[in-house]
Amino acid sequence: MTSPIPLLQIDQIEVAYHRVITALQGVSVDVSTGSIVAILGTNGAGKTTTLRAVSGFIGLDDARVTAGRIVFDGEPIENQPPHRITARGIVLVPERDKVFPNLTVAENLEATVSRPGSDRRALMDAAWELFPALTRLRRRTAGLLSGGERQMLAIGSALVCGPRLLLVDEPTEGLAPSIVSHLKDVFSELARTAALVIVEQNLPMVCAIAHKLYALKEGRIVAQITERDAIKPANCEAWL
């Protein structure tokens, strides 16, 4: 039986900054709809660069994919501008600068552009439902939110975009255990209808929800686990 074609295929890509600094070398990652893929590694390993290459934001950093391909739903997308990639249903939640600090919580959600053809009202309702804590904060200025509240708002805003593929960079860094537990449940729920790629260093969290793990070191894939039953913290600790 032929395996289904992954929604996202990163095939042997290389990424160079300023045309001379190679950040990724021969990185390959496959992501299927309904799956959660985690990318692990120490600081500077190339994890964020991988997400930004898929989302198109590396172009803002004077970087580009110089070899290999990134294919989404059968179409090549490497080096396309972020707005075109977002319109396809690929949404990035960055590690920093997650929200509009001068807008309220509700205004942040309302300012989000939904993917063409999506049901914006349903997406808005789903964002409020997944993050009920934001309901009581809907009139609060986003710049006054805690780190956990900002993270919930950033993911809620990404949901309003109508993602088919959600890219999340270090979602649990510095957050309270209760919020980490809630985000774990949210990611599992989102994987029912979309695919997720999560860059993370919280091993217990990603091992609880990931279907596939990749380890990056110095811009290369050095290990991967593709069997769900083998995804355990003890098998991954050496990667961080």
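## Helix packing and pockets

The crossing of H4 and H5 is right-handed. The model is a predicted one. Helix H4 covers residues 120-130 and helix H5 residues 147-160; their axes lie 8 Å apart at an angle of about 160°. Because angles over 145 degrees count as roughly antiparallel, H4 is described as roughly antiparallel to H5.

On the H4 side, the contact is made by Arg120, Leu123, Met124, Ala126, Ala127 and Leu130, which meet Gly156, Leu159 and Val160 in H5. The residues of this contact divide into 7 nonpolar, 1 polar and 1 charged.

| Pocket | Volume | Lining residues by class |
|---|---|---|
| Largest | about 540 Å³ | 14 nonpolar, 5 polar, 3 charged |

In the largest pocket, 22 residues form the lining, and Phe57, Leu92, Pro94, Asp97 and Lys98 lie nearest its centre. At least two lining residues each come from helix H1 (47-55), helix H2 (82-87), strand S6 (90-93), helix H3 (105-111) and H5. Strand S6 gives the largest share, 4 residues.

The second largest pocket is lined by 17 residues, with Leu123, Leu159, Glu189, Leu190 and Thr193 nearest its centre. Two or more residues of this lining come from each of H4 and helix H6 (177-190). The largest share, 4 residues, is from H4. Leu123 and Leu159, listed here by the pocket centre, also take part in the contact of H4 with H5.

Key. Residues are numbered from 1 along each chain as its sequence is written. This is a predicted model: local features need pLDDT of at least 70, side-chain atom pairs count only at pLDDT 80 or more; totals for chains, interfaces and linings use all residues. Side-chain values use heavy atoms; hydrogens and water are left out. Axes are lines fitted to C-alpha atoms, for helices over the stretch in contact, and angles run from 0 to 180 degrees between N-to-C directions. Angles under 35 degrees count as roughly parallel, over 145 as roughly antiparallel, 65 to 115 as roughly perpendicular and the rest as oblique. A crossing is left-handed if the near helix is turned anticlockwise from the far one by less than a right angle, and right-handed if clockwise. Contact means heavy atoms within 4.5 Å. Ala, Val, Leu, Ile, Met, Phe, Trp, Tyr, Cys and Pro count as nonpolar, Asp, Glu, Lys and Arg as charged, and the others, Gly among them, as polar. On a 1 Å grid over the protein atoms alone, a cavity is a set of points where a 1.4 Å probe fits but cannot get out, and a pocket is an open set with protein on both sides within 12 Å along at least five of seven lines; lining residues have an atom within 4 Å of a point. Grid points are joined across faces, edges and corners, and a volume is the space filled by probe spheres set on the points.
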